[in-house]
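Please look through the sequence and the model below, and then read the short report that follows.

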Amino acid sequence: MRQSLDATERRIAAALLEAPRASWRTIGRCLNMSERTVLRRAAPLYGDGTLRATIVRNPMCFPTLTPVALRIRCRPTKIGAVARALARRPDTVWVEILGGGDEISIVAFLDGPDARNGLLLRDLPATSAIESWTAQHLIRVFTTTLDGARGLLSAAETASLNPPRPQAHPPVLHESDRRLLDALTADGRASYGELAEYAGLTAVTARRRLEQIVDARMIRLATEVDLALLGIGSEALLWLTVHPSDLEHTGRTLGAHPDVRFAAGTTGATNLLVAVAATDPSDLYVFLTDTLGPLSGIASVETVPILSTVKRTGITR
């Protein structure tokens, strides 16, 4: 994985954040580069793991999935091993080490009551390094955005990568669709021919089914990249207590903010979880004062910095 990106690579990465399956030709047209240049610069980034493409299922469209956020406190000497063990689980979406190095935050999509009870009632209690944990169900996930990573793309470039598409009615998923999603989880930029072979479909059918599933917002196409490579130097998780009558407005407002990469209404002692990606601590402070401050429905905020990311977007680092 790269330790730094040059200006061209950063713009290509920003474009792929906006449009994870866009063709090299489309990226080139957007960035005023040749298709060959985009391919030559982007392919090595995927090859060494700097960029990784995947999908994230929308749990609201998969009734057996229970999205849960956990804060896990454990012995600092064991926190790395515990975080890596949690990251190896296929049902964890993100795993991050927080604060003073004695706490882990995870989001997991638990498939059914057995998986939920297995994690909360068996696996966590059986791990001696874990001292305590809290679990909150995600009951409303708001739209989140990360714009062209701090001005790397213009508004016109971003719009050209994301032409508006009407939301479609969710299709009934067949076994071939589930194989299609499994293939996309492993490689979100797999060709339609590769997807068709894995799912047992024709390339035309694979493309049509994927477009239907994406347009129905059943999955989100995602590009994973270390945000520090794009100028993001201060990430934090915020646990907010919001008056119930203001929760929808607050969640939507924060979910649309370019510094917010995730926002969800939750059960538990707090009721809104927000992940913020800021340029530096001063930028994070401005977010807290200028963005959160005017929102009158917020009663309290706990802000905890992210020290390191072990897994994000379902991909282990």
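## Annotated spans

The end C-alpha atoms of residues 239–309 lie 18 Å apart, and this span is 30% helix and 42% strand, where helices (H or I, at least four residues) and strands (E, at least two) are DSSP runs numbered from the N terminus. For these residues, 239–309, an unreviewed UniProt entry lists "domain: Transcription regulator AsnC/Lrp ligand binding"; UniProt positions are given in the numbering used here, feature names are shortened, and annotations may be inferred rather than shown by experiment.

This is a predicted model, in which local features need pLDDT of at least 70 and side-chain atom pairs count only at pLDDT 80 or more, while totals for chains, interfaces and linings use all residues. Residues are numbered from 1 along each chain as its sequence is written, and side-chain values use heavy atoms, with hydrogens and water left out.

The unreviewed entry in UniProt also lists "domain: HTH asnC-type" for residues 5–42 and 176–211. Residues 5–42 are 74% helix and 0% strand, with their end C-alpha atoms 11 Å apart, and residues 176–211 are 78% helix and 0% strand, with end C-alpha atoms 15 Å apart.

## Nonpolar cores

The largest nonpolar core has 34 residues, among which L181 and L195 have the most contacts inside it; such a core is a set of buried Ala, Val, Leu, Ile, Met, Phe, Trp, Tyr and Cys residues joined through side-chain atoms within 4.5 Å. Helix 7 gives the most to this core, with four residues. A second, separate core of 27 residues includes L17, W24, A42 and L161.

Leaving aside neighbours within four places in sequence, L195 is in contact (heavy atoms within 4.5 Å) with R21, L180, A183, L184, A190, A206 and L210.

## The end of helix 3

G47 belongs to helix 3, which covers residues 35–47. G47 counts as exposed because its relative accessibility is 67%, given that buried means under 20% relative accessible area, exposed over 50%, and partly exposed in between (1.4 Å probe, protein chains only). Although G47 and M1 are 46 residues apart in sequence, they are 9.0 Å apart in space, C-alpha to C-alpha.
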